[in-house]
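Have the model open while you read.

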Amino acid sequence: MQKSVLNMMEDPLAAAREATAQMLRTRETTYSLPQPFYNDARLFALDMQEVFEKEWLFAGMTCEIPAKGNFMTLDIGDNPIVIVRGDGGTIHAFHNVCRHRGSRLCLKEKGKVAKLVCPYHQWTYELDGRLLFAGSEMGSQFDLKQFGLKPVHAETAGGFIFINLSEQPPAFDEFLATLDHYLEPYQMDNVKVAVESTIVEQANWKLVIENNRECYHCNGSHPELLNSLQEFDDTDDPRATPAYKALVAKKQADWDAERVPYQLKRHGKRNRLTRTPLLDGIVSMTMDGKPGSQKLMGRLQSPDMGSLRILHLPNSWNHFMGDHAVVFRVLPIGPQQTMVTTKWLVHKDAVEGVDYDPERLRQVWDATNDQDRQLAEENQRGINSKAYQPGPYSETYEFGVIDFVNWYAARMLENLENDQPSLKLAQG
């Protein structure tokens, strides 16, 4: 009854849907997006509905909830989510919403519980979401089975946890299998978060991702990062030099000897994995290029593993080295506000103050994140001007940005048309 009444009401975003679909169909595919995509509240609402509530999102790491009862929480727009480890090590995800009167259940970012108990009226849920207790006040006819927590799709691979808020998520198994394969050497059951940071950037989430997808800006902005990072993503990079390609060939022979995957692997424009060397003689993303942790990850025998770069759109990029890993999660907060969370991973047996110094471990990416924040915020300020119009990307230096924007445009348009078939008719 409630849904039918709501369906009869005018969709407040109907005009925005039509306008957005039209802008996506007519945009220049090698140019930045029209202004509303970066600052309009209605278009941000569509981003949340059509991208962040329908696509697979990186949520966190399995090592963050290592034992039964461990949980973590996050917000996908207005949707609070809780992820908890239950019996047999199974990881469950739920809407963090009590089925009584809608209060949030878990109020902390992380914790450990025996059961999920609503702090408002103490309704109590099993870790698999079943309602166990609602009190005698609900009456003898009250059926507990009808009021379990609403589930969220969750998948794990290579130590990563992904969630999807839609009823029918898109296929994801092929990428998960690839991720398991590439991260097997790291034995992700044996890692821990050594340190983490969260910053809020006053910029649209797409500007945060665009900035990450190119190193055109690196020479002018990232001195700390360029102490270790190669400018090139892989040997397919049109700018890759003969010296870089020779270094890649040399390192790949070493990686073969360690039985470590390194081949460039793409799953459309959305997911990409590749191992690429750091600067010659550099083994880790630290200020001096030396290991940040003396205890190597997994079964690795050498710290000189380069960086396994893992891209997962719309909200994550990652670097896995021999001694530690750095994972990034992007969550939109508003049309011009984005949360970026960074976590540094080490072997679970590495001892703080002995094997690693958290401040030294995080120094490079703390500096880089702050520099990227400033770049994205200045980008946002300029885009807000009435003078802004879409500008051309370099197909040589910014091909990664083109790939991201085209992936975003295709997914947004497809999801809009699936939601509202009349948009397809309008195109015809």
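How much space lies in the second largest pocket? About 410 Å³.

## Ground rules

This is a predicted model, where local features need pLDDT of at least 70 and side-chain atom pairs count only at pLDDT 80 or more, while totals for chains, interfaces and linings use all residues. Residues are numbered from 1 along each chain as its sequence is written, and side-chain values use heavy atoms, with hydrogens and water left out.

## The second largest pocket

A pocket here is an open set of points on a 1 Å grid over the protein atoms alone, with protein on both sides within 12 Å along at least five of seven lines; a cavity is a set where a 1.4 Å probe fits but cannot get out, and lining residues have an atom within 4 Å of a point. Volume is the space filled by probe spheres set on the points, which are joined across faces, edges and corners.

The second largest pocket has 21 lining residues, and T73, L74, D75, R329 and M339 lie nearest its centre. Strands β2, β11, β16 and β17 each give two or more residues to this lining (strands are DSSP runs of E, at least two residues; helices are runs of H or I, at least four; both are numbered from the N terminus).

Three cavities of 30 Å³ or more turn up. The largest holds about 360 Å³ and has 28 lining residues, with N212, R213, E214, D233 and R309 nearest its centre.

The second largest cavity comes in at about 70 Å³. Its lining includes W317, W365 and D372. Helices α6 and α9 each give two or more residues to that lining, and α9 gives the most, with five.

## Aromatic contacts

The whole structure has 21 aromatic pairs (Phe, Tyr or six-membered Trp rings with centres within 6.5 Å; planes under 30 degrees apart are stacked, over 60 edge-to-face, the rest tilted). W205 and F404 pair edge-to-face, 6.0 Å centre to centre with 75° between the planes. That pair links helix α6 to helix α10, 199 residues apart. Both W205 and F404 are buried (under 20% relative accessible area with a 1.4 Å probe, protein chains only; exposed is over 50%, partly exposed in between).

W205 also pairs with Y408: the ring centres are 5.8 Å apart and the planes at 75°, so this pair is edge-to-face. Y408 is buried, at 0% relative accessible area. Elsewhere, one aromatic cluster has W56, F58 and F160 among its members.
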